[in-house]
Amino acid sequence: MIDINESVMQFLLAFVVVGPLLGAVAALLPAPPGLKGKSPEQAVLRHGVTVTGAILIAAIVLALGFDHAHASKMQATTDISWIPALDVRIHLGIDGISLPLVVLTALLTFLCALYSYFKPPAGGSPKAFVALLLLLESGTLASFAVLDLLLFFLAFEMVLIPMYFLIARWGGEGRTRAAWKFILFTLLGSVVMLLGLLLIGIKAGTFDMVALATDNGRSLTASVQVIAVLAIGLGLAVKTPMWPLHSWLPDAHTAAPTVGSVLLAGVLLKMGTYGFVRILLPIAPHGFHTFAPYLAAFAVVGIIYGSLACLALAKRGAKGDLKRLIAYSSVGHMGFVLLGIATMTPTGVNGALFANIAHGLITGLLFFLVGALKDRTGTTDLDTLAEETGAALYGKAPRLGGLLAFGAVASLGLPGLAGFWGEMLALFGAFKPAADLSRPAYLTFMAIGAFGTLLTAAYMLIVVRRVCMGGVEQEVPALADVRGYEFAAWTPLVALTVVAGLWPRALLGLTDPAVHQLLAGGHR
Amino acid sequence: MSAQPLAESLVQSVDWLAVAPPTIAAAVGLVVLVADLFLPEARKPVLGWLSVAGLAVAALTLLPLLDGDHSTFCLNGAPRACSYTADHFTLVIQFLVLGGALLAALLSVTNLKDDERRVPPGEFWFLLLSSAAGAALLPASRDLATLIVALEVASLPAFALVGIRHGDKRSSEAALKFFLSSVTATAVSLMGISFVYASTGTLYLTQVAQRLTHVDGQLHTLAQAGVVLTLIGFAFKTAAVPFHFWVPDTYVGAPLPVAAYLSVVGKAVGFSGLILVTVVAFPSYADVWGPALAALAALTMTVGNVGALRQQATRAYSAVRLLAWSSVGQAGYLLVPIAAAGYAKDPQKAIGSTVAYALMYAAVNLGAFAVAALVGRNRALNRISDYRGLYATNPLTALLLAFFLLCLAGLPPGVIGLFAKVTVFSAAVDAGLGWLAVVMAVNVVIALFYYLQWTALLFRTPEGEPARHRAPAPLTAALALTGVLGVALSGAPQLVLRFAATGLF
């Protein structure tokens, strides 16, 4: 949109990746004179807001300077040799697929830092919290910006330690177990993924994603591709998470602090689906083709399973936890994303990428809202909240109730909001999958997936009815309604949900050329 | 006219520069032993610093050898065969050994001061330096006799070091255990060497390699048995399963710096011997030792990691015990590329992965031991639970220990640990040892559990009265050295990983 010098763009992208890392180190040091603030705690939380804010600005400038006419081209690329022995290069770059994810990550992390500034998380020291948050941001941004398989693995692993500590230190009930489950599942997946990445790198002679994508799997034999896709896909599927490898997710979400849940759902899960699109689709198309129908089948099972689990949790007397419910709904939503990718068509993959972003915005918002609800009422247990008639949030805190209802209908895919397009396009893709995939199978998957959207609508509406509606008794004190800083943290998410719903072209225009190129064989 | 060549063939000219690193270490050891007799009690700490300086000088003499083509004690005539060769492999391992001994010596300076009554300093330093001299000689040896002599020079003082504390029952028991099992292993090794000698008629590694390819059919079984038996002695030093049982008790019984020394230098002795024997001497028997080492590697890492996993945080000496078991697990990773060398087209590259991994492991493992030595000064029992809340009292030390442990686990921010594991994995994948790579992957996850558990404990709120640990200068130096090394390597992994890309011999 605006013309920015290429070397400035390079610097901005490098800054976006390295900036949080430096910020994390700086957070551990004592504050310099003049920046001491009211107390050390306040100073370090402010430091977090400043750094994430600077990163967000850099990401926005990057998006503005991005050449939208050539969205399929890698831009702002840096390519420096780092470890010649392993052929690892610091190769950074963004195209239409990674740019939205970079901006989403920067935005969500900034909002989390802002939210924590006004509402410091209970648990350990804020110093460590900010340092871990920034380390997490650096890892996620790096995984979307790097173009080297081993660097991608490094970035993939980099988020594990910060997230483990965020859950284990600042989390709620059952946090130790949940944190262990999270890290062991993900690590087991990612070491298997490493083996697949090494296999590709060794057989093809390079770890460079752009070169490998251009090669489009021509230098890899069929059996190598099949083994590599199985190994890498397993690692990514744990992260995504795909049914039946999802069981770490509900526990992690339930135990994590609000900010941790927001980032886990909003950003970390996307690393898995991004890996499918960026690595498996272009680099090992034949291997992926072999597994695509199975992936699609697991995806629709995930959709149905997630919805049914949510329905069961939303039932009266089920002692369902709202956070756990949203976590299960994530399993369903990520099922749509995987279904879209498994169609191997431009429509499906575009839909998947759209649903990725939409899920980040909407689920991020929902976790924020549930966190706020927990702060006010002290519980996220649906039965305790709703009691006999319903929690009556509309009456007690109308704005909070309104926002929660908004998040719920956005999540169920109401046309006009962000949740709609991605899932619809994914189902469209399944209607007409890539030429040599079995169409009847995909039609079945589509039908089941469509049924899943109905179930999603059902449980989301039940939640709205039980939490937002109900009779207000006179003597019950009204809950505090949405506060200023909460508005500040949530408004961007609400606005973007509406914008993406009404003007999907803004996003699809970015991803579409890049997706076409990936499916047709690599980058120019 | 004929007198000169005759004299040349009888009197060897020795390249003193090439043999300087082990020689200096040994000479300083002797000087320390003699000086001990004449120094008054109050001046004994000088011995420690003398030894540290001696090791530093020995390490510095590696610099003029960097071109890597010195060899001495050679057979004249064709084919040329030398007993001592200072090629790149030798230099890297000698650097590792002398550097490791230097760091262990720094830890010992404090330890001896704290434990003055029970450890005689003169003997201690003499033993440490002689063992280091043997360990430095080993990678340079290119004939089986020198190899065994070096192995024994490195190990015999180590037995005494383990049992050096007067009046410590556990210490003497550990030494006896270590001694008996080690001597058995050496005896078996010697028998293997005699078989190999019987079937080939030479002890020089390169000549053994040539002649093993056409051994008389009748002697084939003898040669095969010889190859396997020879490996056992070295596998024992690496603490490969099933020769690992001495490790936990020995580490706990020994003074802490000695345990640190054994975990790094002892292992270096074992695996460099293994590399020499397998890749240089017995390449034609790769179909025998390749699978054997692969199985050994898988067993070693699994048993080691499971053993470490079972340590209870509140048991006495659990920190050292955990480090001991984890070092067994790490030995398994070190064996993987050596096993891969038996399958690979380019064994040298695979060997390089082992060397790179060993360098990383040496730096961070010694760092972890340095922190353990620091904590052990106030908490004699050195339980893992004693590390709870270390961050509150010693933030920098806690961050360093967390970094070392994550390097050992191979997770960022321990970038060097991660990439060292990646090279080992890639050696296995490259050689087609997929199953071993998968076993190792599972082990990495198991190992993460106990490393991370310990790491998490450092940042918990302390229980009871927190004790601030004051670090004396030598300990601070050791911590700083290992910490800087670990961080620098994380920024520029190429420094050690380049050995994994080029041939070392």
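## A strand pair in chain B

In this predicted model, B:Leu75 stands opposite B:Ala81, a residue of strand β2 of chain B. The two strands involved, β1 (residues 70-75) and β2 of chain B, run antiparallel to each other and are joined over five bridges.

Strand β2 of chain B spans residues 81-86 and is mostly covered, since six of its six residues are buried.

Is B:Phe73 buried or exposed? B:Phe73 counts as buried because it has 20 C-beta neighbours inside 10 Å, and the cut-off for a buried residue is 20 or more.

A:Ala76 belongs to strand β1 of chain A, which covers residues 75-83. Its phi is near 55°, again a positive value in a residue other than glycine. A:Ala76 has 25 C-beta neighbours inside 10 Å and therefore counts as buried.

## The contact between chains A and B

How many residues of chain A are in contact with chain B? There are 22 of them, and they meet 27 residues of chain B. On the side of chain A that touches chain B, the elements giving two or more residues are α5 (149-158), α6 (160-170) and α7 (175-204) of chain A. Helix α7 of chain A gives the most to this side, with eleven residues.

Where does A:Pro241 lie? This proline is placed in the loop between helices α9 (222-239) and α10 (248-255) of chain A.

Chain B has a cis peptide bond from B:Val241 to B:Pro242, with omega near 5°. B:Pro242 is located in the loop that lies between α9 (220-237) and α10 (246-253) of chain B.

Note on methods. Residues are numbered from 1 along each chain as its sequence is written. Chains are lettered from A and ligands numbered from 1 in the order in which they are written. This is a predicted model: local features need pLDDT of at least 70, side-chain atom pairs count only at pLDDT 80 or more; totals for chains, interfaces and linings use all residues. A residue is buried if 20 or more other C-beta atoms lie within 10 Å of its own, exposed if 12 or fewer, and partly exposed in between; C-beta atoms are placed from the backbone. Helices (H or I, at least four residues) and strands (E, at least two) are DSSP runs, numbered from the N terminus. Two strands pair if DSSP finds at least two bridges between them. Two residues are in contact if their C-beta atoms, placed from the backbone, lie within 7 Å.
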